[in-house]
Amino acid sequence: MDGTIRRPGAAKPADESNDEELMVAYSHGSQDAFDELFLRYKQPLFGFFRRRVADPAQAEELTQESFIAVIRASSRYQPSALFRTYLYAIGLKILGAHRRKAAFRACFTGAPDNYQEPAALGNLETEYALRQAMGKLERLEREILLLREFEQLSYAEIAELLHLPVNTVRSRLFRARMALHRLLAASAPSSSAEQARIEERS
Amino acid sequence: MNTAATHPVAPEEIMAFFDGELDADQAQIVANHIDGCSECASIAGKFRGLSKSLTGWSISPVSQKLEEAVYDFASKISAKSKSRKASAPFRFSIWNWRLWAFGGMSAVTGVLLLVGFQILNIYHSDRVESEHSMAMMVSQKRGEESRSFVKAENKPQVMNSLETPSRADLRTSTGGGAPMSGAVGGIVSNAVAPPAASAPMIARTASLTITVKDLAAARTSLNAMLVHHHGYSAELTVESAANAPRSLTASLRIPASDLSNAMVDLKTLGHVEKESQSGEDVSQQHADLAERLKTARETEERFRGILQQRTGNISDVLEVEESIARVRGEIESMEAEQTGLEHRVDFATIDLELVEEYKEEIASASTAFSLRFHNAFVAGYRNAVGTVAGIFLFLVEYGLSILIWLAIIAFPAIFIWRRYRKARSRM
């Protein structure tokens, strides 16, 4: 991948190894296995946080925190589930803790003045409209939709992560998609206006 | 969007087909239906379009700072685990010589400590035994002397200068309560001093705990022994609780000269569980008391002499009579103390405890259980009532205060909770 830093002298791991094999190898001391895992998941995990947290710096911190948690827990890793599910479970826990802390702080300090939805920092009309529409979804439905669309998790994996029945995941995902479709359709004129405003500013 | 009545596949199934979540047969059915149904094809198109529009949500690449931080941390952890493995003293394997050496040294150290403790224990027990045997020898010697005193009391005889005067003689010379002449007082001073130097007065005590088979029979035997040894029971308590062994606790007084024989006889009552003996030397205490008594009697005699002369006025006479009364009171108090002290010496005290061998009766168990169940039920009922009453009283006493504090705390708590919920919903 572009922009990747390879540790000096690190041998390239076998590309054909799956995630679970790599994690087991890392738990037995193979640093190259971790390098390969990091290469595979640094961008998806950063995207996972970036789509859920407004501040990109915070998203980076949470990504770093998640990988550090993986490193620390490597000796206890058991390949009973997919590594992808394991990693996103850690990410969800860290995200939940971050949200609780932020909400607690906001109780006393209020939301920061420069608080902006992630989409406001983007330049694309579609992206902005998507973020706005996503923000209007019910929280659980939004989470299921994000996990399905961007993390590409199966219904069963989502159910395992969120401790829900698979049928609930399917019905909530359907409702989320329908709602998002309606919201995007409704926000099309405003999106155009926003685009015009951005163009004027630029 | 209710298509269940008109379409063989539900919209959720179309979505699942679109997500690749259906098995091959179901997927084939849905695909065939979509091909022939424009409405369902439209739904599938919506899903496709939505997914396509979501791909527009691009994310910037991860910064190098993040990569460096994670790699640094991973390197540190790796280095730590390697150094931990390198510096491990030894692995636990049964063939590891260091493990055997450590185990052997531990075993030798343990054996040495055990031997050391045993040696110390033997040395200590030898010392205790020798001290105990010496004490027994002294005690036996004193017992023999005491018996010789009693014999002398029963059979008065003229003592030569080498014989120790009996305490009966002592009592005769020091007690009595009658006014003594100066010549008698001289006898007292001569009689008291020698025994204090040569024959110490020992107040002996012993205690015995004996398990007997039949407490009633043992008590009968005990009474017979008391008569035989000319002793008496100063205090006696019999306990006969239900579902517990019967016991008898007594404080016996036996002539000191007969203590050993009495102890031997008492031990025949049953199995001796515990035995102890001790003696208190009261010679000095007795001698001091005798000296004070002698002085008080001399003082009384002088006052009486003054009173017989009657040379002063009436007030002086009254004052002398008061002094005589005071000294007389002191003399009687000291005589009583002396008598008690001598009694302690003459009669040894045996604290006896007889415990009957207890046999549990099966027949009484059921009765006991029903009684215990009844008592437990009553106690439980009382506890429950007490708990309810306690809660009620607590609410009466503090309920109003609690409500006031809840009202005070509720407003800020609700305010903070609402802000928290609002902040959570924005994230």
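**Conventions.** I am working from a predicted model, in which local features need pLDDT of at least 70 and side-chain atom pairs count only at pLDDT 80 or more, while totals for chains, interfaces and linings use all residues. Residues are numbered from 1 along each chain as its sequence is written, chains are lettered from A and ligands numbered from 1 in the order in which they are written, and side-chain values use heavy atoms, with hydrogens and water left out.

**Chain A overall.** I looked up the secondary structure of chain A and found nine helices and zero strands, where helices are DSSP runs of H or I with at least four residues, strands are runs of E with at least two, and both are numbered from the N terminus. Of its 202 residues, 48% count as buried, a term I use for under 20% relative accessible area, with exposed meaning over 50% and partly exposed in between (1.4 Å probe, protein chains only). The accessible surface of chain A comes to about 10000 Å², and 51% of that belongs to carbon and sulfur atoms; these areas come from the Shrake-Rupley method with a 1.4 Å probe, and for residues only the protein chains shown count as cover. I also looked at contacts (heavy atoms within 4.5 Å), and among those in chain A with a separation of 6 or more, 63% are between residues 24 or more positions apart.

**Helix α7 of chain A.** I then turned to α7(A), residues 155-162, which is mostly covered, with six of its eight residues buried. The buried residues are A:Y155, A:E157, A:I158, A:A159, A:L161 and A:L162. What covers them? The cover includes α4 (83-109), α6 (139-149) and α8 (166-186) of chain A, together with α1 of chain B. After the helix comes A:H163, whose phi is positive, near 55°.

**The interface.** I counted 43 residues of chain B in contact with 58 residues of chain A. The two chains bury about 5000 Å² between them, 65% of it on carbon and sulfur atoms, where buried area is the accessible area (1.4 Å probe) that two parts lose on being put together, summed over both. Nine residue pairs, both members at pLDDT 80 or more, are in polar contact between the chains; a polar contact is a pair of N or O atoms within 3.5 Å, and within protein one must be able to donate a hydrogen and the other to accept it, with residues adjacent in sequence counting only if both atoms are side-chain atoms. On the side of chain B that touches chain A, α1 (11-18), α3 (38-54), α4 (64-86) and α12 (362-425) each supply at least two residues. Among these elements, α4(B) gives the most, with 12 residues. By class, this side of chain B has 23 nonpolar, 10 polar and 10 charged residues, with Ala, Val, Leu, Ile, Met, Phe, Trp, Tyr, Cys and Pro counted as nonpolar, Asp, Glu, Lys and Arg as charged, and the others, Gly among them, as polar.

**Salt bridges.** A search of the whole structure gave me 20 salt bridges over all chains, and the count between chain B and chain A is four; the criterion is a side-chain nitrogen of Lys or Arg within 4 Å of a carboxyl oxygen of Asp or Glu. B:D19 meets A:R177 at 2.6 Å, N to O, and B:D19 also meets A:R148 at 3.5 Å. The latter pair runs from helix α6 of chain A to the loop between α1 and α2 (24-36) of chain B, and both A:R148 and B:D19 are buried. A further bridge joins B:E12 and A:R170 at 3.7 Å, crossing from helix α1 of chain B to helix α8 of chain A. B:E12 counts as partly exposed because its relative accessibility is 23%, and A:R170, at 22%, is partly exposed too. Salt bridges that share partners join A:R148, A:E149, A:R177 and B:D19 into one network.

**B:T268.** My last entry concerns B:T268, in the loop between α9 (259-267) and β4 (271-281) of chain B. Is B:T268 buried or exposed? With a relative accessible area of 60%, B:T268 is exposed. Its side chain reaches the backbone oxygen of B:D265 at 2.3 Å, and its C-alpha atom is separated by 9.5 Å from that of B:V212, 56 residues apart along the chain.
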